[in-house]
Amino acid sequence: MKLYIHKDTLYSRPWYEKFKRLLDKKYKNIKYEIVNLHYVDNINDLQIGNDDYCICRFSHTEEDFELGKRVYPLLHKKFEGRIWPNETEWYYYNDKQRQLEFFREHNISHPNSDYIYGLTDFLKWKGKNNIGYPLVVKKSQGAGSEEVNLINHWKEIDFPVIAQEYIDITHDIRISIYGDKILFTKRKHHWKTDVKKRFPYGWYYEDTDSKLDGVDLTADEIEKIKHIGIYLKDITDKHLKSKIMSWDIINEENDFKVLEFSMGFETTFIDNLFYYDINEKKILKLKNKKKDNAFYTQEELLKMIGA
């Protein structure tokens, strides 16, 4: 097997650099080539073998995502489906409208939401569901909290949007699935008490204390909500055909609701954090060291594809 890794030069923290460092240092027996796969000519020039594999990290930035949409079908055909993200993951990637449709199709609990084309649709949806202000509006594309805003009047809306009921919370939970491991992180919301911090997660560009916003759960905390992680892993396996996926949920102690899911591009771990192991059916400690955390997702991906 030879890996073909996309040279994601349009992203501030390129994946190809992480893969290069990891493969050159730890997995010297794995053949690989780094190629800018934004260009059709580069794809056509690839001389691939029957078990070669393609790893493409296309980012959420508009230019990168649009280029990715153009070449992904070519790559999927060229590698005969041996590509990450897979076809199903890619379909839902960076598309909140499609994710909303996914929630409805599979009866996944989520905040009352709808895709709104204009003011008439908005007022009809708001009245029918008896939803007051404030409420949340999101653009379909964008990573995480990008293009997500809390509004107090329809005049603040730039249609079309996904409109969503606002649920008053102090934090959300990110559940990250890596194969048979389920990891849990609590993200505190500071936007109510710090005007610099934006809705909803409390992070802003050039934030110097964002580490205060994320806290890994204790074993006792995981015990109380592990059933949610098991349920979402089942959804991930059956309907997304995925081994690496992150889910953002709220109201975990009561009737939990899913906000969105995303591929685990950027995840920061502490060393020896707790996680739930599907095979062992119990909570264990992750045997990792801080110096290896930057490459955790890449290593799990190599395991997944059998490299």
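# Exercises on a predicted 307-residue chain

In helix α5 (residues 96-105), the buried residues are K96, Q99, L100, F102 and F103. Buried means under 20% relative accessible area, exposed over 50%, and partly exposed in between, with a 1.4 Å probe and protein chains only. Helices (H or I, at least four residues) and strands (E, at least two) are DSSP runs, numbered from the N terminus.

This is a predicted model: local features need pLDDT of at least 70, side-chain atom pairs count only at pLDDT 80 or more, and totals for chains, interfaces and linings use all residues. Residues are numbered from 1 along each chain as its sequence is written, and side-chain values use heavy atoms, with hydrogens and water left out.

## Exercise 1: Helix α5

Task: Find how the buried residues of α5 are arranged around its axis, then inspect what lies at the start of α5 and what follows α5.

Solution. 
- Step 1. Look down the axis of α5. The buried residues fall within an arc of 155 degrees, so they line one face of the helix. The arc is that of the directions from the helix axis to the C-beta atoms.
- Step 2. Recall the helical repeat. An α-helix has 3.6 residues a turn, so residues three or four places apart point the same way.
- Step 3. Go to the start of α5. A side-chain oxygen of D95 comes within 3.2 Å of the backbone nitrogen of Q97.
- Step 4. Go past α5. N107 follows, with a positive phi near 55 degrees.

## Exercise 2: Cysteines

Solution. 
- Step 1. Set the cut-off. A disulfide is a pair of cysteine sulfur atoms within 2.5 Å.
- Step 2. Check C56. Its closest cysteine sulfur is in C54, so the 3.2 Å gap applies here too.
- Step 3. C54 is buried at 0% relative accessible area. C56 also counts as buried, at 1%.

## Exercise 3: The parallel sheet

Task: Give the strand order of the open sheet of four strands, and name the edge strands.

Solution. 
- Step 1. Apply the pairing rule. Two strands pair if DSSP finds at least two bridges between them.
- Step 2. Read the order. It is β2-β1-β3-β4, with parallel pairing.
- Step 3. Pick the edges. β2 (31-35) and β4 (83-84) each pair on one side only.
- Step 4. Inspect one pair. β1 (residues 2-6) and β3 (residues 53-55) run parallel and are joined by three bridges.
- Step 5. Locate I5. Opposite it stands I55 in β3.

## Exercise 4: Strand β10 and its partners

Task: Which strands pair with β10, including across a hairpin, with β14 and with β11? Describe each pairing.

Solution. 
- Step 1. Start with β9 (residues 171-178). It pairs with β10 (residues 181-188) in the antiparallel sense over eight bridges. I177 has I182 as its bridge partner.
- Step 2. Inspect the turn. The β9-β10 hairpin has two residues between its strands, and G179 in the turn has a positive phi of about 65 degrees.
- Step 3. Move to β14 (residues 274-277). Three bridges pair it with β10, in the antiparallel sense. Here I182 has Y276 as its bridge partner.
- Step 4. Finish with β11 (residues 214-216). It runs antiparallel to β10, joined by three bridges. T185 stands opposite D216.

## Exercise 5: Strand β6

Task: Sort the residues of β6 (residues 135-138) by the way they point, then trace the pairing with β7 and β8.

Solution. 
- Step 1. Sort. L135 and V137 point one way, V136 and K138 the other, and all are buried.
- Step 2. Trace β7 (residues 148-151). It runs antiparallel to β6 over four bridges. L135 stands opposite I151.
- Step 3. Trace β8 (residues 161-165). It is also antiparallel to β6, with four bridges. V136 stands opposite Q164.

How values were computed: A polar contact is a pair of N or O atoms within 3.5 Å; within protein, one must be able to donate a hydrogen and the other to accept it, and residues adjacent in sequence count only if both atoms are side-chain atoms. The radius of gyration is taken over C-alpha atoms; the globule rule is 2.2 Å times the number of residues to the power 0.38.
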